[in-house]
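Student: I would like to go through this entry term by term, setting each value against the definition behind it.

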Amino acid sequence: MTCLECNKTLDYLRHKNSMDLLGVELCEQHQTRMVKLIRTNETPVEAVQLYYGLKEAGVKGMLEWWDGKKSVDIAISRVKLNIEIDAEYHMLTHEQAINDLERTMHSFKNGFTTIRIPHVLIKNYLKETVNNILGIMEGLKANIKVI
Ligand SMILES: [Zn+2]
């Protein structure tokens, strides 16, 4: 049980507290920082879990990356990939849907691909989700080379 950011050893309570709150292992300092980021940006905890899942797989993403117009849940700038977590997938209104589509359109114009991942997928299939993102990154890398 060590902090995913600084490798500091976590005691039982700290570990439990962090897992209950965020679902990832963070020390007090990094947990506080993460909670602040989440509150500021209304980041779904699943984005945090996916961020660390990707990190474990060797992918350096950016959490709540500001692209000039909006904050992206996770951006992997190396392959120009934006990942958005759909927190309330089943409650999507048509206004939200058209906003999402417009955001995706703007990202494409900037050369970024946007994928949307339902939060339940991260809860239940984190490994598979990470593996699929790795595959998408491979594909994007290949396309960038062709261009
Ligand atoms: Zn730490």
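Student: What percentage of the 147 residues in the protein do buried residues make up?

Tutor: Buried residues make up 23% of the 147 residues, where a residue is buried if 20 or more other C-beta atoms, placed from the backbone, lie within 10 Å of its own, exposed if 12 or fewer do, and partly exposed in between. This is a predicted model, in which local features need pLDDT of at least 70 and side-chain atom pairs count only at pLDDT 80 or more, while totals for chains, interfaces and linings use all residues. Residues are numbered from 1 along each chain as its sequence is written.

Student: Which pattern does the protein follow along the sequence?

Tutor: The pattern is α-α-α-β-β-β-α-β-α-α, with six helices and four strands, where helices (H or I, at least four residues) and strands (E, at least two) are DSSP runs numbered from the N terminus.

Student: How does the reach of helix 2 compare with the expected span?

Tutor: Helix 2, residues 28–41, has 14 residues and reaches 20 Å from its first C-alpha to its last, close to the 20 Å expected, the expected span being 1.5 Å times one less than the number of residues. Just after helix 2, Glu 42 takes a positive phi of about 55 degrees.

Student: Into which domains is the protein divided, and what makes up their contact?

Tutor: Domain 1 covers 1–41 and domain 2 covers 44–146, bounds that come from an automatic or database domain assignment. Eight residues from domain 1 and seven from domain 2 take part in the contact, which is counted if C-beta atoms, placed from the backbone, lie within 7 Å.

Student: Which residues touch the most other members of the largest nonpolar core?

Tutor: They are Ala 47, Val 48, Leu 50, Tyr 51 and Ile 74, out of 23 residues, a nonpolar core being a set of buried Ala, Val, Leu, Ile, Met, Phe, Trp, Tyr and Cys residues joined through C-beta atoms within 7 Å. Helix 3 gives the largest share of this core, six residues, and the core draws at least three residues from each of domain 1 and domain 2.

Conventions. Two residues are in contact if their C-beta atoms, placed from the backbone, lie within 7 Å.
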